[in-house]
Amino acid sequence: MNADPVNVFVLGIPGLALLWVLTLVVFTVFGRRVYRIIGLLRQARPENRFDRIGERVRRFARHGLLQPRLFNERSIGLPHFLIFWGFVLYAVCFGWSLMRGLLPFLRIPYPDDVSGVVWFLEIFAVLVLIGLGVAAARRAFFAPPHLHRSWDANLILALIAVLMLSTLLGQGFRAAAETVGSVAGVSNLGSTGYQPVPSGDSPDGMARPSFTKSSAGVVLSASSIPVGGSPTGAGESPALPLLRTGSNTSSAGPIGGWLGALTAKSGTFTGSATALAKVMWWTHMVVVLFFLVYLPYSKHLHLLAAPFSVLFANLRPVGDLSLAGANDDASAGASKWNEFTWKQLLNGFSCAECGRCDRACPAQTSGFPLSPQQIVQKLKQHLLAAGWAKSAPLGPLGNGSSGLVGGAIAETEIWACTTCLACMERCAVLNEQIPLIIRMRRHLVNEGRVNRTLQDMLDNLTRYGNSFGKSDRLRAKWTQSLGWKIKDARKEPVEYLWFLGDYASYDPRLEATTRLTANIFQQAGLNFGILYEDERNSGNDVRRVGEEGLFEMLREKNLQMLAKAQFQTVITTDPHTYNTLKNEYHFERNGHAVLHYSEVLNSLISQDKLPLKRQLAERVTYHDPCYLGRYNEIYDPPRRVLRALGVELVEMPRNRNRSYCCGAGGGRIWMEDSPGIKERPSESRIREAVALDGVSALVVTCPKDIGMFRDALKTTGNEGKIVVKDLAELVWEAMQPLEPTAKEN
Amino acid sequence: MQAFVLLKLSPDTVDELTVAADGKSLETEALRFKLGDSDEHALEQALLLKEKYGGTVTAVALEALEVDDVLFTALAKGADRAVKLSGEFTGSQSHAAAGAMGSFLQSGDAALPADALILLRSQAIDDLDGEIGPFLADLLGVPYVGGVTGVAVAGEGLLVTKEFAGGLRGEFTLPLPAVLGIQSAEKPPRYVPIAKVRAAMKSGRMETAEIPLPATPASFTVERMYKPQAAGRAEMLEGAPEIVADRLVAVLAKNNLI
């Protein structure tokens, strides 16, 4: 009798043949499905994600292997980490075991015959089981909102549990068999673990590390598996010492050994322990093989796709919406699956439906119809439904719904996004939800499907270069009451070119702040100028509402004007403008830096060039604008400025990269709120700021924030409890001598 | 059906308008022109008719600053042809404009096509009466309906809805060819992305037709153009609501309004 687990008969079929058949069937099904999915991805639009391999590998090592973003949520971070690494270990051992099982002539042991490996397997089995327990409990009892609770997920957890249990029990039975064997007086054949015993008399002439083949083998069938303390087990006991590859008790790990001892002690199963160990081996292998078939049909394809998603993740600035290596007209956008890029489609398979994006999404939280998770999922479902019918010409697909991705996604979902980046900042598999949304917006714009207010804004921007619908000739009107003349950068060289953006130039609520900022720059001796009426909207929001052609036009016009001006550095007061100038205008190619005014103020202070006359004794909190913080990681300069002013900075619970969007970005400021929303993002943020103890001001570094938060102060009835201030206002206060309470103008 | 949309740009009031030194016209130096709302609706109505009944749409515009953008936009929106009537039309009056459009439609020997439908604005900020439409219809000898809010094909002719004051509507049937002054299209004017406008520009499909300024006698002459002058008769009522209300009643009574 041979203890090689393949050396069995199942329902009269030799184990080896059965394993071969199963393997071939499973890998055919698995391979075919994966092949077809890759085939679909290959039909999608191109996008170059094969550059900067070194950086990609480093990114993969970090997010693929260490998974820091999973630890953002404590309850599941460690469990997932353990399950993942357990998976890696078990996947390797499965392959090894399968190889050894299929190719008995290989002179290698099974993984569970190598004591070091066994230790790992057993310890991980327990860790993974604990992880699974936490995961299951989380799903059942304390599921976070937006976690997609599908039977699919539960089945996967159960299957993994079976894998772990079959390993542990298998080890236990083997240990039990060994224990019984040892008691029966069979000595260990070796102490070094694996010790193959070549058998020269093998019928097929192959030398293999096993004992002579039993003529009968162990017949595994439902009826013959000894259950309980069946006396039949005793009859087989002589065979027990004949362990797989040289019986070696050390091949049992700590848990297997303990289980084995327990089993042996109890006397249960002892007779059939070897057989049961084989049953466990088969159970394990069959479940893994089933997994392989099931996986590409379930959300668990995540496991295969996510590493690639991470490897091919975006390495360019996240604030740059242009695609590398795309050869199509970006302005057309996408609606059908094959109009997206292959990487955008891959997102759907990488998504594990964990809901991190939804939990972070201000639109979702406010009750807008947008769910970033569903955007990704619906695209995947559309891909599988429409793409599957493929091979056939693409014609019939177009006859379906004229809606986005086959009608699965409503336009209201697409327009609700503020492009705040919270979803992408959280996504553990580095999916890119926002470019997906923008691509669909481009499609809508291309079809002329924009709402009235947005259309008016776009018409204004096309005609006047600003969203306010005011004459471009009035752009610098705010300078008239300044009392001194700002340099005209079109006419004389300046060191700093101040690009104001529409809000700072045109919004009557912001005029005073804009003048303050100009005065601060002047008093700090900054050699700066502006473009006067030749500045145009930078196009950040235009690009993000999907009007790519208009964005390009605005960028061309601005770049033409900037080419005529002589300057070293561009500074801007608006984070949205900042992002686009910095990441989408490509100034750095001409050696120009782009700075946000908080960076400028910070460096002026550190160079002692800002004439600060007094320390402010205020207690304030600071709001990180999305396009300054998450998009460009400018977190510290504004905080350093605040500290230099002497104010006490109290952080809101959602700060830095967890900052909560004001709701204005991505062109949302030009759109109406949908009816029935629960609480506007700006209102949620104001309540967060007001809840801080003794804080008198909410400091912002974005002109749009001023309007958004001052409105929210009123609508939440919190007027008087806190004031919304621009950073420049505080700086100006600190620049005034103690005595007179000088105000601007 | 061959739809012709006649477009005439109006001064853009985004900048303050100034009266020229002659005191009889607008200062054109800094003046910019744009398509008025009613013109936009006329184009949209033509495109909607094409989508519904087929046929062609030809956008025709009198030359003015920025008129090229307007015509390229019309092409991008779906017009089949775009024709610029070249000539010095800035400041020309309605008779002259109608004359220019008329001579384009009946240029040379070509008579007006039997299935021609001419759509144009019902009014504009510099043409509150919407004179060009009736003048043109008179010139061509075809029927005209203005203030139109709906157009449908009925048999060989048209069924047209016109809006009257007080929420009244009238339906008219009229044969083709005809001239319609469009108050509002059945749908708001569509948005066309800049990328499509730029593609239209590259296509170079805009045609230019030289039209000599017709020697139509001016029906009137402008004596004086001036800005509304503040008369200083406004009176601010201030104080508690009760006092303001009493004063208001007194003012109304004094002017025999109550």
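The entries below go from the whole model to single residues.

**Entry 1: ground rules**

I am working with a predicted model, in which local features need pLDDT of at least 70, side-chain atom pairs count only at pLDDT 80 or more, and totals for chains, interfaces and linings use all residues. Residues are numbered from 1 along each chain as its sequence is written, while chains are lettered from A and ligands numbered from 1 in the order in which they are written.

**Entry 2: confidence**

I noted ipTM 0.88 and pTM 0.88 for the model. The mean for chain B is 90, and 95% of its residues reach 70 or more. A reminder to myself: where pLDDT is low, the predicted coordinates should not be read in detail.

**Entry 3: the two chains**

I took helices (H or I, at least four residues) and strands (E, at least two) as DSSP runs, numbered from the N terminus. Chain A has 28 helices and 12 strands; chain B has 6 helices and 11 strands.

For burial I used this rule: a residue is buried if 20 or more other C-beta atoms lie within 10 Å of its own, exposed if 12 or fewer, and partly exposed in between, with C-beta atoms placed from the backbone. Buried residues make up 49% of the 745 residues in chain A, and 37% of the 258 residues of chain B count as buried.

Contacts came next: two residues are in contact if their C-beta atoms, placed from the backbone, lie within 7 Å. In chain A, 82% of the contacts between residues at least 6 apart in sequence join residues at least 24 apart.

**Entry 4: where the chains meet**

How many residues does the contact take from chain A and from chain B? I read 19 residues from chain A and 11 residues from chain B. On the side of chain A that touches chain B, the elements giving two or more residues are α17 (433-446), α18 (452-464) and α22 (548-564). The largest share, 6 residues, comes from α18(A). By class, that side of chain A has 6 nonpolar, 7 polar and 6 charged residues; here Ala, Val, Leu, Ile, Met, Phe, Trp, Tyr, Cys and Pro count as nonpolar, Asp, Glu, Lys and Arg as charged, and the others, Gly among them, as polar.

**Entry 5: domains of chain A**

The domain assignment, whose bounds come from an automatic or database source, gives domain 1 (8-18 + 74-297), domain 2 (317-449) and domain 3 (453-735) of chain A. The contact between domain 1 and domain 2 takes 5 residues from domain 1 and 6 residues from domain 2. The domain 1 side divides into 3 nonpolar, 2 polar and no charged residues.

**Entry 6: helix α26 of chain A**

I found helix α26(A) (residues 681-690) mostly covered, with 7 of its 10 residues buried. Among the buried ones are P681(A), R685(A) and I686(A). The cover includes α12 (362-366), β9 (619-622), β11 (697-700) and α27 (703-715) of chain A.

**Entry 7: positive phi in chain A**

R52(A) is not a glycine, yet has a positive phi of about 45°. I placed R52(A) in the loop between α1 (15-43) and α2 (53-66) of chain A. Is R52(A) buried or exposed? R52(A) is exposed, because 12 other C-beta atoms lie within 10 Å.

H146(A), also not a glycine, has a positive phi of about 75°. H146(A) is in the loop between α4 (115-140) and α5 (151-183) of chain A, and is buried because 21 other C-beta atoms lie within 10 Å.

Strand β8(B) (residues 157-163) runs antiparallel to β9(B), joined by 6 bridges; strands pair if DSSP finds at least two bridges between them. L159(B) has T173(B) of β9(B) as its bridge partner. The hairpin has 5 residues between the strands, and G166(B) takes a positive phi near 75° there. Of the 6 residues of β9(B), the number buried is 0, so β9(B) lies largely in the open.

Last, I checked the loop between β9 (169-174) and β10 (178-182) of chain B, where P177(B) lies. A cis peptide bond joins L176(B) and P177(B), with omega about -5°.

Key:
pLDDT is the predictor's confidence in each residue, from 0 to 100.
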